[in-house]
Amino acid sequence: MDSNIETRLIFIAPTSDLTPDRIARFVHNLGNEVTVKETCYGVVLQGPRDAVKRTLDEVRKMDPNRIFSKIRAFPMGDLRRCRAHHGSRPGFAQLEKEWKDLCLVEQGLICVEKGEKPPAPKKRQKIPVNDLKKLIDEVSP
Amino acid sequence: MKIFIMPPNSLILFDLVERFGHEPLSLMKALRDRVTSNEIEAPPLNVTVDDVKLGLKYAGIEIPSGIRGRLAIYGPLIDQAEAAIFMEDAPYSFGCVGCQRTNELAKLLVRKRKVPILSLDYPSNEDEAKDMVVRVKEFLEGLK
């Protein structure tokens, strides 16, 4: 495969009003030489690196703090990964976890945009022994 | 600058690093060349026999081959890294970064290189997320 071809995942944060369908139509209308495929979390783009980058920049303008992206190793529709061909998707659980966190990251980006100083987060603590004992008793009395 | 991210397939870190004007060194890019070559045909295998040998540079012979195979991919990325961002408490039990020992060893290799490192936790609420994004931005801007 041509090394200049890039595959990119575009994620829409759960809080966004955008839909994968709207982004796919928008990408088609841009007329860049990229292939676009709708997914449950956003879209997958594939094409020459420059065209994909240009498309991503345009798509990001639709909702800058709620659109996230990363590249993908496997090409679009690869038989080893594509669900239509019963491919496995071992990384999807991690993507799902991070997708759920995107609404939190969005708040961080808004904070940066406004130039606010973030509140000091509460330090995480270990569970007290007594609480752990109670949990154990509940599960195995 | 080239920033090594941990977990190396993290969407959040990849996006933030790119958004703030740096190049993330990610697992996806490293795997891209491998999965598009003809040598690897069956999932979940993402490394070749040669990769496992290459991994000897980063992990000893007594280390399990799974870790060595992973380090064969992470290692060249770590060698290129000019800075690194670690996100702790990753959902390691999920996905293809399911090997905590590899992650520990990879972090050790990065620390040995004495490059600037930012260690963070996965955010679990808004305040932590705000703090995380601001720290990532300040860290990346400080590198320029």
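Visitor: With which hand does helix 4 of chain B pass helix 5 of chain B?
Guide: The model is predicted. In it, helix 4 of chain B (residues 65–80) and helix 5 of chain B (residues 100–112) have axes that come within 10 Å. The hand of their crossing is right-handed.

Visitor: Are helix 4 of chain B and helix 5 of chain B roughly parallel or oblique to each other?
Guide: Their axes cross at roughly 30°. Angles under 35 degrees count as roughly parallel. Helix 4 of chain B and helix 5 of chain B are therefore roughly parallel.

Visitor: How many residues of the contact of helix 4 of chain B with helix 5 of chain B are nonpolar?
Guide: Helix 4 of chain B contributes I67(B), R70(B), L71(B), Y74(B) and I78(B). From helix 5 of chain B come R101(B), T102(B), L105(B), A106(B), L109(B) and V110(B). One residue of this contact is polar and two are charged, while the number of nonpolar ones is eight.

Visitor: Which helix gives the most to the side of chain A that touches chain B?
Guide: The contact between the chains takes 30 residues from chain A and 31 residues from chain B. Strand 4 (67–71) and helix 3 (92–114) of chain A each supply at least two residues of the chain A side. That side divides into 18 nonpolar, six polar and six charged residues. With 13 residues, the element that gives the most to it is helix 3 of chain A.

Visitor: Where does helix 3 of chain A bend?
Guide: Helix 3 of chain A has 23 residues and reaches 33 Å from its first C-alpha to its last, close to the 33 Å expected. G115(A), with a positive phi near 75°, follows the helix. The bend in helix 3 of chain A is about 40°, and its place is L102(A).

Visitor: Is helix 3 of chain A oblique or roughly parallel to helix 6 of chain B?
Guide: The axes of helix 3 of chain A and helix 6 (residues 126–143) of chain B come within 7 Å and cross at roughly 55°. That angle makes the pair oblique.

Visitor: How many residues of the contact between helix 3 of chain A and helix 6 of chain B are charged?
Guide: Residues of helix 3 of chain A in this contact include L104(A), Q107(A) and G108(A). Among those from helix 6 of chain B are E126(B), K130(B) and K137(B). The contact has nine nonpolar and two polar residues, and the charged ones number three.

Visitor: Which peptide bond is cis, with omega near 5°?
Guide: Most peptide bonds are trans. P7(B) lies in the loop between strand 1 (2–6) and helix 1 (11–19) of chain B. The cis bond runs from M6(B) to P7(B).

Visitor: What is the phi of K114(B)?
Guide: K114(B) lies in the loop between helix 5 and strand 4 (117–121) of chain B. Most residues other than glycine have a negative phi. K114(B) is a residue other than glycine, yet its phi is positive, near 60°.

Note on methods:
Residues numbered from 1 in each chain as written. Chains lettered and ligands numbered in written order. Predicted model: local features only at pLDDT ≥ 70, side-chain atom pairs only at ≥ 80, totals over all residues. Contact = placed C-beta atoms within 7 Å. Helix = DSSP H or I, 4+ residues; strand = E, 2+ residues; numbered from the N terminus. Nonpolar A, V, L, I, M, F, W, Y, C, P; charged D, E, K, R; others polar. Axes fitted to C-alpha atoms, helices over the stretch in contact; angles between N-to-C directions. Parallel < 35°, antiparallel > 145°, perpendicular 65-115°, else oblique. Left-handed = near helix turned anticlockwise from the far one by under 90°. Expected span 1.5 Å × (residues − 1). Bend = angle between axes of the 7 residues up to and from the residue.
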